[in-house]
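Let's take a walk through this model together, one region at a time. Keep the 3D view open as you read.

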Amino acid sequence: GGKLRDSLRKLHTRSGRVTTTQLNSVLSDVARALIESDVSVKLVMTLRDNVKQKVERLIEEDDDDNDDDNDNDAKKEQRASNVSKMVQKAVVDELTSLLEPARKPHTMKRGKPNVILFVGLQGAGKTTTIAKYANYYQKRGWKTAMVCADTFRAGAFDQLKQNATKLRVPFYGSYTQADPVAIAEEGVDQFIKEHYEVIIVDTSGRHRQEAGLLEEMQEISAAVDPDNVILVMDATQGQSLYDQALAFSNAVDVGSVVITKLDGHAKGGGALSAVAATESPIVFLGSGEHFDDLEPFNAQSFVSKLLGLGDVRGLMEAMNGAGPDGKTHEELMEKMSKGEFTLRDMYSQFQRVMNMGPLNKVMGMVPGMPEYLVPKGGDDNSNTRLKKFLYMMDSMTDKELDGKVDFSDHDDAPIQSRIRRIAAGSGTHPKEVQMLLQVHKQFEGMVNKMGKSGMMGKQAQAQQ
Ligand code: GDP
Ligand code: MG
């Protein structure tokens, strides 16, 4: 992600002019970064052409409005920054629109049976996602049930049954290697008769090489006549997602996509391939093995994360709901949109974050947040770290909190003495204070860049 930001910085030239060569070079960098994030090569090439056309048009318009001979340095600087902004915005817009296909997600209808068929390769995460999905709808008051039409894999029914029992969701299935088409049909019929609203059908995955997978899926689909077919895909499969998605989508009428295992090392670019191949929207992301690890999809947040910009929008939405003092929040947004971010701002952010929980979800959204502060699973260390950070900031003076002290020179004796004072006051080690200052620097740089790119401004408006 960071590579993209670095390449965009190349566009800041003294003259305020961007040559075609420069633009091409930056677009190549962007393309490489996207391919490394598992976006399919074909998509990247299309994206690149679209962005290029758009930006060239915008630059032309910009040139028409300006008379070069009279430009002063400030004006040139302004134009250079505009061009960089344009490229970034064009990339973000293109990616976002790729993730928002014309086909809208299926909407559940109350008081009616909504039959939802899950398909995908073995191990993609269907059965796990079905449990999360059932949990999601049941919690929101939908009468939910599950049918296990995976008779291929021994233990498949047990897995679904265990999940269903934990969630207290009725289920239907069989231990014997019965006909999956018949089981699907019987189960769905029974739950329709009992007036269930969300009827979820699990299918067998098998491996790609095994024959019969697509045929069986087609037969089940014909038998239960689903209101929506959800294709589940494993993000760690990276570049191969495009072909996979295409194969499924050619066999059944895929209407939505769920991408799983985004909590691991997957970079997520494969999600774009899945959407492009199926022309269907992503509805949820899987971010863990627990029932709650299911996140409704938001294209803008996803793109921000993909580009390493942090999920600012998601964060702001979460903050918006959580902050006790709405006014301060708006003030903070206003400051951030100008690229300002003091230690005091970080203090108030961390405080909000502490009140929001579950911490791992929130911390993952904070731009520039170092990995070690984002806990995985049940890890509570980062909570402790965050508290320590708050104690340290409690031991700071107003001048320090408000950015009136330059901490960047660590070797400076007065700065070292300040750091020792803060450490002593908060019962921490000077090294930990330095870490806090480093985290703040990272944040500040990120907010600064986002402020300049206009992204924060856009989000600030969206909040009003
Ligand atoms: P199926 O064969 O498609 O039904 O896949 P399963 O639901 O049985 O999942 C296969 C494996 O992936 C299991 O070990 C799951 O716990 C794991 N899994 C599923 N979704 C996620 C996810 O979002 N994150 C992580 N880390 N693991 C997942
Ligand atoms: Mg399964």
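The axes of helix 5 and helix 6 (residues 156-167) come within 10 Å and cross at roughly 20 degrees. Helices here are DSSP runs of H or I with at least four residues, numbered from the N terminus, and axes are lines fitted to C-alpha atoms over the stretch in contact, with angles from 0 to 180 degrees between N-to-C directions. The crossing angle makes helix 5 roughly parallel to helix 6, a term used for angles under 35 degrees. Helix 5 also passes helix 6 in a right-handed crossing, in which the near helix is turned clockwise from the far one by less than a right angle.

Before going on, a word about the model: it is predicted, with local features needing pLDDT of at least 70 and side-chain atom pairs counting only at pLDDT 80 or more, while totals for chains, interfaces and linings use all residues. Residues are numbered from 1 along each chain as its sequence is written, and chains are lettered from A and ligands numbered from 1 in the order in which they are written.

Which residues of helix 5 and helix 6 meet? Thr-127, Ala-131, Ala-134, Asn-135 and Gln-138 of helix 5 face Ala-156, Gln-159, Leu-160, Asn-163 and Leu-167 of helix 6; contact requires C-beta atoms, placed from the backbone, to lie within 7 Å. By class, this contact has five nonpolar, five polar and no charged residues. Nonpolar covers Ala, Val, Leu, Ile, Met, Phe, Trp, Tyr, Cys and Pro, charged covers Asp, Glu, Lys and Arg, and the others, Gly among them, are polar.

Helix 5 (residues 126-139) also gives the most to the shell around ligand 1, with three residues. In total, 19 residues surround ligand 1, and the closest are Gly-125, Lys-126, Thr-127, Thr-128 and Gly-286; a residue is near the ligand if its C-beta atom, placed from the backbone, lies within 6 Å of it. The shell divides into two nonpolar, twelve polar and five charged residues.

Now find helix 7 (residues 180-193) and helix 8 (residues 213-224), whose axes come within 9 Å and cross at roughly 25 degrees. They are therefore roughly parallel to each other. Their contact has seven nonpolar, no polar and three charged residues.

Finally, the axes of helix 9 (residues 241-251) and helix 10 (residues 270-278) come within 8 Å and cross at roughly 30 degrees. Helix 9 passes helix 10 in a right-handed crossing, and the residues of their contact divide into seven nonpolar, four polar and no charged.

Key: Helices (H or I, at least four residues) and strands (E, at least two) are DSSP runs, numbered from the N terminus. Angles under 35 degrees count as roughly parallel, over 145 as roughly antiparallel, 65 to 115 as roughly perpendicular and the rest as oblique. Two residues are in contact if their C-beta atoms, placed from the backbone, lie within 7 Å.
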